[in-house]
Amino acid sequence: MSLADVLGPFPRERTWLLPALQAVQRTERWLSPESLDAVAAHLRVPKSEVWGVASHYPELRLSAPGRRLVRVCTGVACLAGGGRAILQACEQTLGVRAGHTTPDGAATLEELDCAFACASAPVVEIDHEYCGRVAAGDVETLLRAASTHHGTPATGRGGPPATLPSAGSPGARFTALKREAERRRTGARLAVGLGTCGLAVGAAATFDALGAETVRRGMPFSVVAAGCNGMCWAQPVVEVLRDGRPRLTTGPITVEAVPRLLNALAAGVAERELAAGDDVMAPQRRLLIERCGMADPYDIADALRHGAYAAFARALEDGHAAAVIEEVRAAGLTGRGGAYFQTAVKWAACRAAAGAPKFLVVNGEEGEPGIFKDRHLMEGDPHRLLEAVLIAAFAIGAARAILYIHGEAELSARRVAVALEQAQSWGLVGPRVLGSDFSLEVEIRRGAGGFVLGEETALLESLEGRRAMPRTRPPFPVEAGLYGKPTVINNVETLFAVPSIVERGGAWFAGLGGGRGTKLFGLSGHLRRPGVVEMEVGCTLRTLIEQVGGGSSTGRPITAAVVGGPSGSVVPGRQFDEPLIPRGAVNPGTGGVVALDDSLPVRTAVRALLAFNTRESCGKCTPCREGTARLLAMLDAPLDQGRVKELAEAIQLASLCGLGQAAPLAVLSALDEFPREFGVS
Ligand SMILES: Cc1cc2nc3c(=O)[nH]c(=O)nc-3n(C[C@H](O)[C@H](O)[C@H](O)COP(=O)(O)O)c2cc1C
Ligand code: SF4
């Protein structure tokens with residue numbers, strides 16, 4: 001495909017700069033000087049600015065990579081699992097240092113800050129496919145394999161109804177859609193956990209083997225794709241779903257275990273002998289992730305049978321947008337992107353603001369190492385996200401919604417795109433939804449890397465075709481956001497709570513977690529059962545680590561946990577019984593929990609987190625740009641605690657955005673709790 005063919009479809013507006021660069025890179029594998037010139041000419045953006053943007057985003061490549069791209073994660077969870085030894089094994093096998101390409105151009109080896117598959121750590125990514133639970137001894141075989149491509153499961157379900165209901169109220173039309181979904185019910189199913197974590201450990205092969213073997217044996221099951229139910233540690237997981245019987249969770253089901261599972265099902269073996277993970281599920285309050293692992297993300301009819309879009313249809317039937325905001329207010333829902341700001345306050349301000357069109361932007365950037373829950377939600381239940389987007393847009397009066405998904409969260413983006421296409425063809429997204437006056441245009445955009453890109457105003461800058469650098473506030477986005485128009489930006493997890501709040505009422509949600517609802521946690525590190533779990537807010541790290549996470553995987557005691565990634569803190573064992581409460585003694589942050597035994601020095605973990613923040617500083621303000629680098633240098637020398645604290649305080653006080661404000665937190669908490677690790681008594 002020529003450059004002109006690639007660029008032709010893009011309107012000649014600056015907002016398309018990042019998508020155009022991404023399209024060129026998808027075709028040519030990198031951005032050559034000629035292609036940058038072509039983008040500049042097509043979009044009528046100065047060449048210097050195109051270069052400025054292209055050189056800003058870490059995922060955009062200004063030099064050609066090797067024919068094979070090998071990336072090894074050395075984020076904290078992977079470090080804890082031996083990521084450094086795996087990187088060395090890759091360097092030895094390929095004969096190049098990380099950051100270089102082999103002389104024959106066969107492969108490029110890179111170090112990854114985080115692969116966002118922490119529950120499958122340690123992770124190696126080969127040509128954008130994840131391999132999980134890798135040991136250094138596996139590296140040679142992995143790199144010699146012709147391909148690690150996992151294959152794509154059959155889709156094809158969820159096609160549009162022959163005719164869409166064309167008369168009646170929104171509620172009546174929705175009932176007709178539900179009838180159509182029921183008509184497509186297929187009976188007993190085996191749902192395979194094809195999330196990122198499952199695919200990284202062979203779930204695609206399990207899916208194929210189950211499909212072939214059930215057909216060969218004439219068993220009355222259809223084999224379908226599902227996301228992960230949160231039990232990443234037990235992947236490949238297979239859920240046995242039979243009408244009128246409780247869901248039966250089994251795992252790990254490798255290809256070799258497939259005949260055993262089918263024999264057991266055919267023989268009617270007692271379910272308790274097959275079931276896995278009951279003790280992990282029991283302490284949870286599974287509300288947002290209730291359909292993950294069970295519903296087929298490629299089939300809107302399945303989502304409808306599981307209750308998707310019902311809350312939205314009811315809100316539309318009632319027609320009171322302000323009432324939706326009041327329910328969200330009564331629920332006390334706060335932002336799960338980490339700041340825990342009142343969602344209803346933002347929604348009401350945007351609704352009241354002057355200016356049109358209004359925008360809803362979904363923040364699915366999730367670029368903070370150690371957390372992977374938003375990907376989990378998008379992969380597992382994309383229709384819940386779309387339903388939440390419809391409700392939120394209806395409530396705030398938005399005519400356009402943009403789903404902004406991390407550039408490397410390929411599976412999330414693919415599943416959300418399929419779901420969107422299906423929702424459009426079923427008349428649930430688009431003009432005059434369900435025959436009402438409400439119309440919504442939904443678009444998917446992809447990020448291009450960088451932690452700061454998830455900061456809401458940096459994200460708006462990127463949508464406008466500029467570098468991801470936070471804006472000063474005021475004005476706040478609800479008054480002047482995307483293109484200066486009123487804009488609400490919400491995190492994926494925040495939005496996932498909305499359908500239940502509308503369905504069951506704000507008071508019901510406020511009855512959970514001491515008025516704060518539920519929270520997702522991504523568990524990783526030295527745990528027997530890493531995964532994604534949903535708990536009522538206020539649970540303790542002890543519950544997460546010992547009860548849900550299964551305790552130490554190494555036999556050594558868990559002495560600390562990194563909570564909230566590079567913006568979070570290092571929590572010592574003495575605080576494991578503190579409730580995790582926003583702005584409490586231990587803040588859950590975005591929900592990443594990396595448990596560490598005493599084999600990984602806290603100083604090493606803290607250094608990795610600060611080094612990440614230093615690299616990720618966008619450079620707009622001096623205290624963050626210069627200060628984090630100097631703080632890092634101080635960690636590498638004999639430590640002067642007084643000077644460290646003084647500099648940390650200056651960075652926190654004088655930085656414009658949350659990256660700089662939170663960058664020193666891990667250092668400060670570790671210094672207080674583990675002074676001896678830093679040679680301080
Ligand atoms: C450096 C930095 C990175 C951030 N990354 C994310 C992110 O990846 N996803 C997210 O939803 N919010 C992120 N945020 C928070 C957003 O700025 C914003 O508060 C959030 O998207 C608002 O949605 P909520 O109210 O639903 O949480 C980040 C903030 C900072 C300072
Ligand atoms: S605090 Fe750091 S990341 Fe944030 S705007 Fe300033 S330099 Fe950029």
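Reply: A backbone N or O atom of Ile-489 lies 3.4 Å from an oxygen atom of ligand 1. Taken alone, ligand 1 exposes 610 Å², and the protein buries 88% of that. Two elements give two or more residues to the shell around this ligand: strand 13 and helix 29 (658–662). Strand 13 supplies the largest share, three residues. All of this is read from a predicted model.

The shell of ligand 1 holds 18 residues, of which Gly-337, Lys-346, Glu-456, Asn-491 and Thr-494 come nearest. By class it has three nonpolar, nine polar and six charged residues. Backbone atoms of other residues also reach the ligand. A backbone N or O atom of Gly-337 lies 2.7 Å from an oxygen atom of ligand 1, and a backbone N or O atom of Gly-454 lies 3.3 Å from a nitrogen atom of the ligand.

Pro-475 is joined to Pro-474 by a cis peptide bond, with omega about 5°. Most peptide bonds are trans.

Ser-655 lies in the loop between helix 28 (641–654) and helix 29. Ser-655 counts as buried because its relative accessibility is 6%, under the 20% cut-off. A polar atom of the Ser-655 side chain lies 2.7 Å from the backbone oxygen of Ile-651. Leaving out residues up to four places away in sequence, Ser-655 touches Cys-621, Pro-623, Cys-624, Gly-660 and Gln-661. Cys-621 and Cys-624 are also among the residues closest to ligand 2, together with Cys-618, Lys-620 and Cys-657. In total 13 residues surround ligand 2, and they divide into eight nonpolar, four polar and one charged.

The domain assignment gives domain 4 as 300–509 and domain 5 as 541–678. It also gives domain 1 (3–54), domain 2 (68–144) and domain 3 (175–281). The C-alpha centres of domain 1 and domain 3 lie 44 Å apart.

Next comes the part of the chain around helix 15. Tyr-309 lies in the loop between helix 14 (300–305) and helix 15 (310–318). Its phi is near 70°, a positive value in a residue other than glycine. Most residues other than glycine have a negative phi. Tyr-309 is buried because its relative accessible area is 0%, under the 20% cut-off. In helix 15, Ala-311, Phe-312, Ala-313, Ala-315 and Leu-316 are buried. The buried residues of this helix pack against helix 8 (170–183), helix 16 (321–331), helix 19 (382–396) and helix 23 (498–504). Helix 15 is followed by Gly-319, whose phi is also positive, near 75°.

Arg-71 lies in strand 1 (residues 68–73), and its side chain makes a polar contact of 2.8 Å with the side chain of Glu-408. Arg-71 counts as buried because its relative accessibility, 7%, is under 20%. Apart from residues up to four places away in sequence, Arg-71 touches Arg-61, Glu-110, Leu-112, Val-123, Val-124, Glu-125 and Glu-408.

A cis peptide bond joins Ala-121 and Pro-122, with omega about -10°. Phe-116 is found in that loop as well. Phe-116 has a positive phi of about 60° although it is not a glycine, and it counts as buried at 8% relative accessibility.

Technical notes
Residues numbered from 1 in each chain as written. Chains lettered and ligands numbered in written order. Predicted model: local features only at pLDDT ≥ 70, side-chain atom pairs only at ≥ 80, totals over all residues. Heavy atoms only, no water. Near = heavy atom within 4 Å. Nonpolar A, V, L, I, M, F, W, Y, C, P; charged D, E, K, R; others polar. Helix = DSSP H or I, 4+ residues; strand = E, 2+ residues; numbered from the N terminus. Buried < 20%, exposed > 50% of the residue type's maximum accessible area, 1.4 Å probe, protein only. Domains from an automatic or database assignment. Polar contact = N/O pair within 3.5 Å; in protein donor to acceptor, adjacent residues only side chain to side chain. Contact = heavy atoms within 4.5 Å. Areas by Shrake-Rupley, 256 points an atom, 1.4 Å probe, with all protein chains shown as cover.
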